[in-house]
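Here is a walk through one protein chain, from its overall layout down to single residues. Have a look at the model first, then read on.

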Amino acid sequence: MKKTKPFQIFLFGALIGLINGFFGGGGGMIVVPMLTKFFNMEQKKAQATALFIILPISLVSTIVYMCYNSINFSSGWPVIAGIVLGGIVGACLLNKLKNNVVRVIFILFMLLGGTIMLFR
């Protein structure tokens with residue numbers, strides 16, 4: 001990993017926090033490319049680190065959204081159950097696949113998500 005100054009790391013964190021708070025998640029789509037490009041982190045490690053980074057940001061954002069009564073709990077709980085199960089399966093798969101395969105899958109999902117948003 002590249003040697004980075006603490007202020008650069010702080011700015012990186014502030015940018016990710018802003019994106020996550022504004023979009024209600026999705027910061028990982030920015031964190032992973034930044035970790036691989038600017039911090040020279042391998043793909044699998046960047047994706048695992050992104051989850052570590054996004055967890056506290058998501059918790060803080062959730063509390064803020066709760067204060068504004070912006071959460072639909074009846075829809076959220078079933079999704080959380082699926083996310084937990086999918087997260088376990090995804091983490092296990094991540095450890096079994098090669099970095100290049102993981103990168104291609106990540107890129108394909110980013111493209112798919114962007115395409116869906118364009119035509120929605």
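## Ground rules and layout

Helices (H or I, at least four residues) and strands (E, at least two) are DSSP runs, numbered from the N terminus. This is a predicted model, so local features need pLDDT of at least 70 and side-chain atom pairs count only at pLDDT 80 or more, while totals for chains, interfaces and linings use all residues. Residues are numbered from 1 along each chain as its sequence is written, and side-chain values use heavy atoms, with hydrogens and water left out.

On that basis the protein chain has five helices and zero strands, and reading along the sequence gives you α-α-α-α-α. Its C-alpha atoms fill a box of roughly 40 × 35 × 30 Å along the principal axes. Take contact to mean heavy atoms within 4.5 Å. Of the contacts between residues at least 6 apart in sequence, 57% join residues at least 24 apart.

## Surface and burial

For single residues, buried means under 20% relative accessible area, exposed means over 50%, and partly exposed is in between (1.4 Å probe, protein chains only). By that rule, 22% of the 120 residues in the protein chain count as buried.

## The nonpolar core

In soluble globular proteins, nonpolar side chains tend to be buried together. A nonpolar core here is a set of buried Ala, Val, Leu, Ile, Met, Phe, Trp, Tyr and Cys residues joined through side-chain atoms within 4.5 Å. The largest one has 13 residues, and the members touching the most others are Phe12, Ile16, Val31, Val32, Leu35, Ala46 and Ile54. The elements giving two or more residues to this core are helix H1 (6-23), helix H2 (28-38) and helix H3 (43-67).

Zoom in on Val32. Leaving out residues up to four places away in sequence, Val32 touches Gln43, Ala46, Gln47, Ala50 and Phe106.

## Aromatic pairs

A pair of aromatic rings is described by the distance of the centres and the angle of the planes. The rule used here is that rings of Phe, Tyr and Trp (its six-membered ring) pair if their centres lie within 6.5 Å; planes under 30 degrees apart count as stacked, over 60 as edge-to-face and the rest as tilted. The structure holds three such pairs. One of them joins Phe7 and Phe10, whose ring centres are 6.2 Å apart with planes at 25°, so the pair is stacked. These two are three residues apart in helix H1, which puts about one helical turn between them. Phe7 is exposed at 56% relative accessible area, and Phe10 is exposed at 53%.

Phe73 and Trp77 have ring centres 6.5 Å apart and planes at 25°, so that pair is stacked too. Being four residues apart in helix H4 (residues 73-96), Phe73 and Trp77 are separated by about one helical turn. Phe73 counts as partly exposed at 42%, whereas Trp77 is exposed at 55%.

## Cysteines

How many disulfides does the structure hold? The count is zero, where a disulfide is a pair of cysteine sulfur atoms within 2.5 Å. As for cysteines, Cys67 is exposed, with a relative accessible area of 64%, and Cys92 is partly exposed at 43%.

Two asparagines are worth a look. Asn40, in the loop between H2 and H3, has phi near 50°, a positive value in a residue other than glycine. Asn40 is partly exposed, at 45% relative accessible area. Asn69 lies in the loop between H3 and H4; its phi is near 55°, also positive in a residue other than glycine, and at 68% relative accessibility Asn69 counts as exposed.

Finally, Phe109 lies in helix H5 (residues 99-118) and is exposed at 55% relative accessible area. Phe109 and Met41 are 68 residues apart in sequence and 20 Å apart in space, C-alpha to C-alpha.
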